[in-house]
Amino acid sequence: MFNVKKLAFGAAMLAASAVCFAAPKVEIVTSEGNIVVNLNEKAAPTTVANFVKYAKEGFYNGTIFHRVINNFMIQGGGFDRNLHQKSTHAPIKLEDKNGLKNTVGTIAMARTTNPDSATSQFFINLKDNDFLNGTSTKDGYAVFGEVVTGMDVVRKIGRAPTGSKGFMDDVPVRPVIIESVKVLK
């Protein structure tokens with residue numbers, strides 16, 4: 001009986017410590033519904049810290065999903081509803097060879113052709129996009145988390161009618177607003 005109590009106590013302590021050290025989770029509140037994402041700070045520490053920093057600063061509040069391509073991905077986090085680009089912090093180092101892949105439901109950082117150019121913009125994959133993964137000979141796009149609830153919202157956004165606006169293509173005709181990104185834990 002004594003050993004069972006010790007075992008139960010040990011299991012309870014282990015569970016409690018797992019909760020204390022759980023990976024960050026964020027809720028992306030959009031005009032189309034909410035998306036909850038588990039962030040993987042073990043695989044992508046710099047990328048997760050960068051994303052959480054923008055979230056805690058309220059940077060994403062009022063931005064839009066400005067690039068939506070059905071059966072590919074939805075991209076947001078850098079422009080307001082008038083397609084004015086927001087000022088960002090310095091770019092971060094690319095963490096694309098971290099073992100995480102651009103599969104359906106994963107979140108990754110958008111960047112320019114410069115591998116170390118990601119700032120605030122992110123995208124959520126609507127399908128497995130293997131060609132976005134880094135290899136030993138090519139830079140990819142850094143995955144840093146995965147949608148755990150709200151893939152129905154992601155797919156709904158992915159089906160939004162799009163067109164050209166200003167210098168951009170694939171812009172939703174009716175803005176899809178990111179109302180906030182809340183750090184849950």
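Colleague: Thanks! Where does pLDDT stay under 50?
Modeller: This is a predicted model, and pLDDT stays under 50 over residues 15-20. For that stretch the model has zero contacts beyond four places in sequence.

Colleague: And what is the mean pLDDT of the protein?
Modeller: The mean is 92, with 88% of the residues at 70 or more.

Colleague: Good. On to the fold: in what order do the strands of the barrel go?
Modeller: Eight strands close into the barrel, in the order S1-S2-S7-S5-S6-S4-S3-S10, with antiparallel pairing. On average, neighbouring strands of this sheet are turned by 35 degrees against each other, direction ignored.

Colleague: How many bridges join S3 to S10?
Modeller: Two bridges join S3, residues 63-69, to S10, residues 177-183, and these strands run antiparallel. In one of the pairs, Ile64 has Ile177 in S10 as its bridge partner.

Colleague: Which strands does helix H2 touch?
Modeller: H2, residues 45-57, packs on the sheet and touches S1, S2, S5, S6, S7 and S10. The direction of H2 makes about 115 degrees with that of S10.

Colleague: What about H3, which strands does it lie across?
Modeller: H3 covers residues 151-158 and lies across S1, S2, S3, S4, S6 and S7. H3 runs at about 115 degrees to S2.

Colleague: Changing topic, how much space lies in the largest pocket?
Modeller: About 310 Å³. The pocket is lined by 18 residues, and Gln75, Ala110, Arg111, Thr112 and Gln121 are the ones nearest its centre.

Colleague: Which strand gives the largest share of that pocket's lining?
Modeller: That would be S4, with three residues.

Colleague: And how do the pocket's lining residues divide into nonpolar, polar and charged?
Modeller: Eight are nonpolar, eight polar and two charged.

Colleague: How many cavities of 30 Å³ or more are there?
Modeller: The count comes to one, and about 40 Å³ of space lies in the largest cavity.

Colleague: Which residues line that cavity?
Modeller: Its lining is made up of Thr47, Ile92, Lys93, Leu94, Glu95, Met109, Ala110, Arg111, Ala118, Tyr141 and Ala142. Ala110 and Arg111 also came up among the residues nearest the pocket's centre.

Colleague: How does the cavity lining divide, then?
Modeller: Seven of the residues are nonpolar, one is polar and three are charged.

Methods: Residues numbered from 1 in each chain as written. Predicted model: local features only at pLDDT ≥ 70, side-chain atom pairs only at ≥ 80, totals over all residues. Heavy atoms only, no water. pLDDT = per-residue confidence, 0-100. Contact = heavy atoms within 4.5 Å. 1 Å grid on protein atoms, 1.4 Å probe; cavity = no way out; pocket = protein on both sides within 12 Å on 5 of 7 lines; lining within 4 Å. Points joined across faces, edges and corners; volume = space filled by probe spheres on them. Nonpolar A, V, L, I, M, F, W, Y, C, P; charged D, E, K, R; others polar. Pairing = 2+ DSSP bridges. Helix = DSSP H or I, 4+ residues; strand = E, 2+ residues; numbered from the N terminus. Axes fitted to C-alpha atoms, helices over the stretch in contact; angles between N-to-C directions.
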